[in-house]
Amino acid sequence: MKLVENISKQKLKEISNLIGEAFVTNELFHEFGTVEERKDLVMKYMDIYVKCVYESKSLYSSDDENAYIGLAYSDCKPMIPQLKMLVKLIFAIPYKINKKFLKHISQISDGNKKYTKLTHLEILMVCVKKECQGQGRARELVEFAKQKALERDVPLLFDTDMKEYADIYQHFGCKLYNETTADNGVTRYNLVWMGK
């Protein structure tokens with residue numbers, strides 16, 4: 001695994017597109033419409049989000065660049081990329097959709113409070129190229145995240161809005177400790193790995 005850094009805008013756009021495609025069906029984007037209707041907006045959203053993760057020096061890839069993970073220690077999150085992301089999202093997502101989206105995000109975003117009071121490592125995203133799925137790549141990414149958490153002896157936290165992903169992460173040794181459902185029916189699954 002390697003930190004993604006010093007890449008061209010074109011390469012970052014390719015990575016953003018790959019990750020965006022993987023997130024189009026994610027229930028988090030329920031407010032954006034059907035899967036077909038939401039595709040363009042999700043791609044814009046994820047392009048902005050991936051740039052933020054990259055600029056925060058939190059984006060890692062497998063050596064062959066077929067799998068990506070975003071990782072951030074809670075006490076090392078740079079504010080400027082996050083502020084830039086928020087401003088860009090305000091202009092990229094139509095106001096009505098954004099208002100509903102943010103309302104529902106706020107309903108499910110507090111599920112980690114048991115652990116977020118502590119310094120922790122957060123998984124921001126996991127993405128494996130379609131042609132490489134089913135080959136243990138997601139496990140490799142999670143194992144890398146576990147090693148990073150062990151380096152500082154902190155909990156590893158991550159959330160998903162997809163039940164099947166929550167099940168996969170539990171299979172990788174993580175504990176599902178909270179589920180919260182927003183008014184729109186989207187459920188956030190909060191998981192933790194505490195080390196050995």
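**Note on the aromatic contacts**

1. Y115 is buried, with a relative accessible area of 9% (buried means under 20%, exposed over 50%, partly exposed in between, with a 1.4 Å probe and protein chains only). This is a predicted model, where local features need pLDDT of at least 70, side-chain atom pairs count only at pLDDT 80 or more, and totals for chains, interfaces and linings use all residues. Numbering runs from 1 along each chain as its sequence is written, and side-chain values use heavy atoms, with hydrogens and water left out.

2. There are 11 aromatic pairs in the structure. Rings of Phe, Tyr and Trp (its six-membered ring) pair if their centres lie within 6.5 Å; planes under 30 degrees apart are stacked, over 60 edge-to-face, and the rest tilted. One of the pairs is Y115 with Y177, edge-to-face at 4.8 Å centre to centre and 70 degrees between the planes. Y115 sits in helix α5 (residues 113-116) and Y177 in strand β6 (residues 175-181), so this pair ties together parts 62 residues apart in sequence. Helices (H or I, at least four residues) and strands (E, at least two) are DSSP runs, numbered from the N terminus. Y177 is buried too, at 17% relative accessible area.

3. Then look at F158 and Y169: ring centres 4.6 Å apart and planes at 90 degrees, so edge-to-face. F158 belongs to strand β5 (residues 156-160) and Y169 to helix α7 (residues 163-171), 11 residues apart. F158 is buried at 1% relative accessibility, and Y169 is buried at 10%.

4. F29, F32, Y45, Y49 and F101 make up one aromatic cluster.

5. Finally, the charged end of R152 sits over the ring of Y73, 4.7 Å from its centre (NZ of Lys or CZ of Arg within 6 Å of the ring centre and within 35 degrees of the ring normal).
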